[in-house]
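Me: Hi! Could you walk me through this model? I'll jump around a bit.

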Amino acid sequence: MTGLHLTDLTIRHGDATLVSLTAKVAPGEVLTVMGASGSGKSTLLAALIGTLPRSFGMTGGIALNGVDVTRLPTRARRMGILFQDDVLFPHLSVGGNLGFGLPARAPDRAKRIDAALAEVGLAGFADRDPATLSGGQRARVSLLRTLLAAPQALLLDEPFSRLDATLREQVRSFVLDRARAQGLPMVLVTHDAEDARAAGGPVVTPLGVPVSV
Amino acid sequence: MRQGPFLLRLVPGLTLGLLSAPVIAGMAGTLSPAFGLDPLSRDGPGFAALISLGDWPGLWPAARLSVVTGVVSTLLAVLISLGVVATMIGRPGFATVQRILSPLLSVPHAAAALGLAFLIAPSGWIARALSPWATGWTQPPDLLILNDPAGLALVFGLVAKEMPFLLLMILAALPQTDAARRMTVSASLGYGRLAGFTLTVLPALYQQIRLPIYAVLAYAMTSVEMAMILGPTLPPSLSVQIVLWATEPNLTHRGTAAAAALLQILLVAATLGAWRLAELAVTRLLRRVASAGRRGAWLDGAFQPVVLILGLVPALALFAGLAGLGVWSVAGLWSFPDILPQNLTLATWMRAAPTLWQISATTLALALVSTGVALALVLACLEAEHRFGLNPSATVLWLLYLPLIMPQVAFLPGLQMLALSAGVQGGFAPVAAVHLVFVLPYVFLSLASPFRAWDGRIAVQGAALGASPDRVFWHLRLPMLLAPVLTAAAVGLAVSVGQYLPTLLIGGGRVETLTTEAVSLASGGNRRVIGTHALLQMALPAMGFALAVGLPRLVFANRRGVGLA
């Protein structure tokens with residue numbers, strides 16, 4: 001029962017069916033959802049993370065590692081999310097942002113944060129202002145913050161689309177490799193075929209139609 | 001260059017001068033008698049006025065009352081509105097909250113205070129609803145609920161009136177804080193709503209609402225009409241006492257009033273300073289808490305219901321109080337503890353009609369003139385900003401807020417003396433001019449963001465088709481911005497209608513508006529007549545807002561692409 005299981009997940013708005021998916025995403029695997037804008041990609045992510053407005057009708061189920069999370073609030077789902085922008089909190093230092101992600105009961109907080117930074121080539125960055133970081137560095141900090149909270153799945157909302165071509169490849173493999181290493185099932189939403197190829201898993205539209213890339 | 005643009009270029013500076021000159025001149029005029037520096041002084045330069053203020057036995061209680069009621073009501077209003085937003089953000093009821101609050105914003109302070117007074121007085125609706133079955137009262141009890149010495153009724157009134165204002169300010173600022181995504185990120189990391197909001201959204205949000213909060217704090221510390229109706233009387237709050245002294249016909253207490261005004265300014269400045277220090281301390285604390293990773297999910301269960309109740313009670317009380325005003329205005333015989341009058345009659349309205357017509361006309365004329373001028377100046381300022389690529393600095397924003405943050409009692413008495421010595425006190429034009437000082441900032445704040453957010457590509461498209469900048473303004477920008485312009489006008493009308501102290505002092509008692517009359521009737525206790533005045537006082541701004549909503553819908557009935565915000 002490990003992994004992220006979508007059972008007949010159907011989302012309607014008015015008369016339109018936006019999402020219709022059945023999928024099993026194993027730990028370390030990526031399900032890529034592709035489609036033009038307005039095709040229901042963000043609706044799917046909102047449903048997975050638990051922020052779908054009530055005006056959308058949703059049926060079917062979402063289970064994570066055997067737990068039905070369909071009706072759980074966002075904070076109880078244990079799914080991390082990365083947006084197009086890094087959404088680093090500008091009022092906190094790099095270390096403060098990571099501390100926000102690290103659970104309170106974790107011992108040796110400062111040490112763990114320093115070690116996590118060192119591991120991704122950002123040793124000594126804890127006291128830096130996020131605004132002084134490069135795009136690639138910010139992306140790494142953002143992923144670290146998500147991973148430090150020990151999620152059981154990772155949702156990717158076009159997280160590479162704002163980066164330029166060279167950086168894009170670098171950040172993409174960094175994110176995918178680290179999430180794979182932690183055995184997280186991933187859902188990647190993108191409109192970029194290159195992203196889909198790099199992810200390596202099945203590629204479908206929000207309505208479950210396979211896409212060949 | 002043609003002359004038109006050159007004049008336009010001068011408008012922003014002129015407008016800021018128009019706002020700050022009366023405040024600064026009035027302050028000088030208010031404060032000079034404190035040191036015997038004015039021509040009317042009996043003793044010449046010196047500290048006699050300060051000493052006479054020091055001798056007043058009510059000084060300490062009045063000053064304490066000003067600080068305590070101001071700080072407590074502002075703190076409550078800020079915390080409750082932030083709590084309501086944190087609880088409701090991203091939930092379906094959020095839009096409803098907005099719709100309920102908007103009309104409350106246009107209710108003048110005096111009407112709100114009178115409504116609440118009707119509600120909570122010993123013979124008010126609450127006492128009636130509980131009598132005699134729960135309380136055993138068959139007569140209104142002899143309790144000091146209104147005008148209680150601790151100022152609780154005043155605090156309640158201030159919270160009820162300022163909360164809608166702060167909530168709408170927060171709602172306007174939210175889109176600039178990336179609130180939705182920050183809430184999602186913090187929730188996906190396991191944070192509760194209140195904790196996530198406080199730790200991730202609030203720091204960005206607070207920057208945007210700091211000035212409105214300062215304006216609320218300064219107002220709450222120095223409010224005159226609300227304090228007259230709901231506040232303690234022996235001694236009253238410092239600002240009320242200043243007005244009592246400043247309006248004495250024989251001028252004997254002018255020096256004392258000036259010294260008290262000086263004290264009031266210092267109190268407001270010191271309180272704002274202390275508030276700023278507290279902000280810094282809280283900011284540091286929140287950063288530390290955020291880095292510690294505590295999810296605080298338990299806070300939601302414990303505090304969300306409390307916050308919603310605390311937000312609902314003042315709003316409902318305000319609605320009920322205002323409804324009470326309406327019932328009193330048509331009440332026939334209404335004895336205690338009946339919950340409704342025995343019969344309804346229009347007699348009060350008929351009797352008051354001649355006066356009501358007259359003062360409503362004056363009120364409306366003042367509002368239309370001051371709002372019209374304010375609107376013209378604000379549009380010219382914004383158009384100048386756009387055409388000449390001006391970038392208003394933080395100083396400009398502070399100057400704009402100056403009339404809202406500077407206590408009215410600190411500069412209006414001085415302006416009154418200036419008007420008196422210039423021989424224009426009691427005229428319509430000076431009163432309209434001083435209304436403008438308060439109307440203009442609100443019109444600007446209401447119109448600035450929609451004006452700046454207007455799609456600039458349309459202007460480029462128009463210019464590419466050969467239209468002059470003037471033509472683009474009159475034929476494209478202004479028509480497309482009809483809805484926000486009318487909303488700003490409605491805000492301006494509401495602000496003007498609600499002005500009490502400026503009308504009283506500059507009008508010298510000879511320019512009577514619904515607000516000055518309602519407040520002066522308040523002490524008399526004829527609830528039926530008060531009801532008529534307060535009801536009209538609410539009706540004028542309400543009609544303005546109704547027009548602001550309805551007119552664009554009518555004009556653009558067949559144009560779906562025009563935003564009808």
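Predicted model: local features only at pLDDT ≥ 70, side-chain atom pairs only at ≥ 80, totals over all residues.

Me: Which residue is the bridge partner of A:Leu4 in strand 2 of chain A?

Reply: The partner of A:Leu4 is A:Val25. Strands here are DSSP E runs of at least two residues, while helices are H or I runs of at least four, all numbered from the N terminus. Residues are numbered from 1 along each chain as its sequence is written, chains are lettered from A and ligands numbered from 1 in the order in which they are written, and side-chain values use heavy atoms, leaving out hydrogens and water.

Me: How many bridges join strand 1 to strand 2 of chain A?

Reply: Eight, with strand 1 (residues 4-13) and strand 2 of chain A running antiparallel. Two strands count as paired if DSSP finds at least two bridges between them.

Me: And what is the strand order in that open sheet?

Reply: In chain A the four strands go 2-1-4-5, with antiparallel pairing. Strand 2 (16-25) and strand 5 (67-68) of chain A are the edges, each pairing on one side only.

Me: Which helix packs on the sheet?

Reply: Helix 1 (residues 41-49) of chain A, which touches strand 1, strand 2 and strand 4 (57-64) of chain A. Its direction makes about 125° with that of strand 1 of chain A; axes are lines fitted to C-alpha atoms, for helices over the stretch in contact, and angles run from 0 to 180 degrees between N-to-C directions.

Me: Switching topic: what domains does chain A have?

Reply: The assignment, automatic or from a database, gives domain 1 (1-78 + 151-213) and domain 2 (89-149). Their centres, taken over C-alpha atoms, are 25 Å apart. In chain A, 11 residues of domain 1 are in contact with 10 residues of domain 2, contact meaning heavy atoms within 4.5 Å.

Me: Over to chain B. Why is helix 8 called largely enclosed?

Reply: Because eight of the 10 residues of helix 8 (residues 179-188) of chain B are buried, that is, under 20% relative accessible area with a 1.4 Å probe, counting protein chains only (exposed is over 50%, partly exposed in between). Among them are B:Arg182 and B:Met183.

Me: What do those buried residues pack against?

Reply: Helix 1, strand 6 (79-82), helix 2 (94-101) and helix 4 (135-148) of chain A, together with helix 3 (59-88) and helix 9 (193-222) of chain B.

Me: And what comes just after helix 8 of chain B?

Reply: B:Gly190, with a positive phi of about 100°.
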